[in-house]
Amino acid sequence: MTDDLAPVRFDTKIAVLLRDDLQTWQRLNVTAFLVSGLGTAVPELVGEPYADADGTPYLPMFRQPVLVLEGGKEMLTTAHTRAVGRGVALSVFTSDLFSTGNDRDNRAAVRAVRRDGMDLVGLAVHGPRNALDKILKGASMHS
């Protein structure tokens with residue numbers, strides 16, 4: 001017998017790490033872009049569609065919480081290196097993307113810079129809880 005009221009414990013985590021010097025609008029924009037990548041790359045993260053009591057349909061969302069963390073530029077570089085090394089699902093946002101206006105130019109801006117030279121302002125990761133704990137070690141909860 002299962003307890004339908006028991007808290008759900010996930011084996012994986014979804015986390016966004018933002019650079020701590022971003023303006024509020026940048027933090028929101030970067031977070032939205034980053035998580036959109038995870039939802040398409042890992043379809044099982046997305047739950048079933050929603051509907052209200054009147055039957056109005058709404059789009060599905062992630063099945064589990066998204067942690068939003070922050071850290072300095074060095075923290076992002078370290079977390080990025082760890083995430084690449086562990087092979088977890090990863091999306092990145094670089095400072096160059098604030099000056100582009102479309103997906104094609106965004107991809108070109110990322111492609112133009114070597115991995116170790118990216119000016120990261122945010123990244124999103126999905127993977128096993130213990131792996132993400134190690135990848136994000138040193139980051140703090142977003143305030």
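Mentor: Buried residues account for 35% of the 143 residues in the protein. Please keep in mind that this is a predicted model.

Trainee: How much accessible surface does the protein have, and what share belongs to carbon and sulfur atoms?
Mentor: The accessible surface is about 9,100 Å², and carbon and sulfur atoms hold 54% of that. As for extent, the C-alpha atoms fill a box of roughly 50 × 35 × 30 Å along the principal axes.

Trainee: How many helices and strands are there?
Mentor: The protein has 4 helices and 7 strands. Along the sequence they follow the pattern β-α-β-β-β-α-β-α-β-α-β.

Trainee: In what order do the strands of the open sheet come?
Mentor: The order is E5-E6-E1-E4-E7, an open sheet of 5 strands with mixed pairing. Strand E5 (89–94) and strand E7 (140–141) each have a single partner strand, so one side of each has no neighbour in the sheet.

Trainee: In which sense do E5 and E6 pair?
Mentor: E5 pairs with strand E6 (residues 120–128) in the antiparallel sense, over 6 bridges. As one example, Phe93 has Gly122 in E6 as its bridge partner.

Trainee: Which strands does helix H2 touch?
Mentor: Helix H2 (residues 73–86) packs on the sheet and touches strand E1 (12–19), E4, E5 and E6. The direction of H2 makes about 35° with that of E6.

Trainee: Let us change topic. How many salt bridges does the whole structure have?
Mentor: A search finds 7 salt bridges. In general, side chains of opposite charge can pair when their charged atoms come close. One of the bridges joins Asp133 and Lys13, at 2.3 Å from N to O.

Trainee: Which residue forms a salt bridge with Glu70?
Mentor: Arg27 does, with the closest N and O atoms 2.9 Å apart. Glu70 is in strand E4 and Arg27 in helix H1 (residues 24–41), 43 residues apart. Both Glu70 and Arg27 are buried.

Trainee: What about Lys73 and Asp119, where do they lie?
Mentor: Their side chains meet in a salt bridge of 3.3 Å, N to O. Asp119 is in the loop between helix H3 (103–111) and E6, while Lys73 is in helix H2, so the pair ties together parts 46 residues apart in sequence. Asp119 is partly exposed at 24% relative accessible area, and Lys73 is partly exposed at 42%.

Trainee: Which residues are linked with them in a network of salt bridges?
Mentor: The network links Arg19 and Asp21 with Lys73 and Asp119.

Trainee: One last topic, the nonpolar surface patch. Which residues make the patch?
Mentor: Tyr50, Tyr58 and Met61 make a patch of about 330 Å². Met61 sits in the loop between strand E3 (57–58) and strand E4 (66–71). With a relative accessible area of 47%, Met61 is partly exposed.

Definitions and conventions. Residues are numbered from 1 along each chain as its sequence is written. This is a predicted model: local features need pLDDT of at least 70, side-chain atom pairs count only at pLDDT 80 or more; totals for chains, interfaces and linings use all residues. Side-chain values use heavy atoms; hydrogens and water are left out. Patches are made of residues with over 30% relative accessible area and no salt bridge: like charges are joined within 9 Å, nonpolar side chains (Val, Leu, Ile, Met, Phe, Trp, Tyr) within 5 Å. Accessible areas come from the Shrake-Rupley method with a 1.4 Å probe; for residues, only the protein chains shown count as cover. A salt bridge is a side-chain nitrogen of Lys or Arg within 4 Å of a carboxyl oxygen of Asp or Glu. Helices (H or I, at least four residues) and strands (E, at least two) are DSSP runs, numbered from the N terminus. Buried means under 20% relative accessible area, exposed over 50%, partly exposed in between (1.4 Å probe, protein chains only). Two strands pair if DSSP finds at least two bridges between them. Contact means heavy atoms within 4.5 Å. Axes are lines fitted to C-alpha atoms, for helices over the stretch in contact, and angles run from 0 to 180 degrees between N-to-C directions.
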